[in-house]
Amino acid sequence: MDRVYVLLMGFLSVIIVNNFVFTKFLGTCPYLGVSGRLDSAFGMGMAVTFVTALSGILTWLVDFYILTPLHLEITRYICYIIVIAGAVQLVEMYVRKFAPSLYDTFGIFLPLISTNCVILGLCLFISIWGTNNLLEVAVLSTGTGLGFTLAICIMAGIRETLILVDVPECFRGAPITLITAGLLTLAFMGFAGMIK
Amino acid sequence: MSNNNSGPSYIQALTAGLWRENPTFRLLIGMCPPLAVTTAVKPALTMGLSVIFVLVCSNLVVSLLRNLLKPHLRIIMFTATIATFVTICDLYLRAFQPVMSEVLGPYVPLIIVNCIIIFRAEVCASKCGPIVSILDGIGSGTGFTLALCILGGIREILATGRIFEIPVMPAGFVPWAAMQMPVGAFVTLGLLLGLSSLLTSGKRS
């Protein structure tokens, strides 16, 4: 029971309290760039969730069973990036072949994802947090992806309305988006300290 | 591809990144570090210098390899090159700047996925000769560092009343704690971008 509780709290924590976008600024590029429409934002979020879950688990396995026993920690970043790029490539090929309709929805975002900081960031944070069992890694990775989806969907929802607003000329586009993001972060700060 | 005459001149390559193609203010790429590490000037400067180092080295290597690269393998070659230099940089910081390494934490390895570096490799280094690529790396890196330092300076002054740990604000100044938090980063950068687009639109008309 205790372990389930810890896992649940960890899951909620990475989605809401320690959301990567709001507290660690990871994945700000797609957050500000792609989130113009709600449906494409959701597609992007789901693609990212899938890849974070997969690469979080894969990099943890590589780290735990190959790099640490062989004392190859120095090559960690190179291995991580290659694992992530490989995972993205595999997912893309698989989805294109076996689920063409799904590919149309989020396939175009997949190549972009390999340079998305959320994913590498998550892999690094997992080794910093010193997580040492596979279940926790899986839960945290999925949670991080869902947290990113939440952030990007809220942002897209706001931006859909923002189009109709009369913003001063020089603040159109990126500046107003950043300020909106700031206010959104402020709102999410209300959750700070609720878990751990 | 190997025709160097079609590329930008040396001066152009060096100055483009400073303002006209400033990564942060004009191109809006690589937005994570400007937001994450600019709580004060010192981490911002360390980050900027690390990015300059990685950018110059990876631009040089990519430009030397440019005629050997296969198009479909080029991105993974870029990332592997960048990851190598980032590892060097991270080990250097850990050995000689342990405090800064602690403060920057995972944001140093995250330079690997910083779009600026891969963008410069794709746009400039894979098309131009080594000298132009190095100058381009120095230019873009400096532009990025300047942006980081401006942002870090503003946030540090408003959040603590100091800059480089030296008090600069009058005695009655109440520190704005929010500037140290994520909110401060987003709002300051938003206002700076607004200011920069105001300045550019003024120039144009």
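## Basis

The model is predicted: local features need pLDDT of at least 70, side-chain atom pairs count only at pLDDT 80 or more, and totals for chains, interfaces and linings use all residues. Residues are numbered from 1 along each chain as its sequence is written, while chains are lettered from A and ligands numbered from 1 in the order in which they are written.

Helices are DSSP runs (H or I, at least four residues), numbered from the N terminus.

## The contact between chains

Chain A puts 33 residues into the contact and chain B puts in 31. Two residues are in contact if their C-beta atoms, placed from the backbone, lie within 7 Å. On the chain B side, at least two residues each come from helix 3 (32-36), helix 5 (74-96), helix 7 (115-125) and helix 9 (182-204). Helix 9 of chain B gives the most, with 11 residues.

The side of chain B that touches chain A holds 24 nonpolar, seven polar and no charged residues. Here Ala, Val, Leu, Ile, Met, Phe, Trp, Tyr, Cys and Pro count as nonpolar, Asp, Glu, Lys and Arg as charged, and the others, Gly among them, as polar.

## Helix 5 against helix 5

Axes are lines fitted to C-alpha atoms, for helices over the stretch in contact, and angles run from 0 to 180 degrees between N-to-C directions. Angles under 35 degrees count as roughly parallel, over 145 as roughly antiparallel, 65 to 115 as roughly perpendicular and the rest as oblique. The crossing is right-handed; that is, the near helix is turned clockwise from the far one by less than a right angle.

Chain A contributes Y77(A), I78(A), I81(A) and A85(A) from its helix 5; helix 5 of chain B contributes I76(B), T79(B), A80(B), A83(B), T84(B), V86(B) and T87(B).

## Helix 10 of chain A

Helix 10 of chain A (residues 174-188) has 15 residues, which at 1.5 Å a residue should span 21 Å; its end C-alpha atoms are 21 Å apart, in agreement. The expected span is 1.5 Å times one less than the number of residues. Buried residues in helix 10 of chain A include P175(A), L178(A), I179(A), G182(A) and F188(A). L183(A) also sits in this helix, but counts as partly exposed because it has 14 C-beta neighbours inside 10 Å. The cut-offs are 20 or more other C-beta atoms within 10 Å for buried, 12 or fewer for exposed, and in between for partly exposed, with C-beta atoms placed from the backbone.

Helix 9 of chain A (residues 134-162) packs on helix 10 of chain A at about 130°, with axes 11 Å apart. The pair is therefore oblique. I154(A), M155(A), I158(A), R159(A) and L162(A) of helix 9 meet I176(A), T177(A), T180(A), A181(A) and L184(A) of helix 10.

## Two loop residues

Most residues other than glycine have a negative phi. F25(A) has a positive phi near 60°. F25(A) lies in the loop between helix 2 (20-24) and helix 3 (28-33) of chain A. With 25 C-beta neighbours inside 10 Å, F25(A) is buried.

H71(A) has a positive phi too, about 55°. Its loop joins helix 4 (38-67) and helix 5 of chain A. H71(A) counts as exposed, with 7 C-beta neighbours inside 10 Å.
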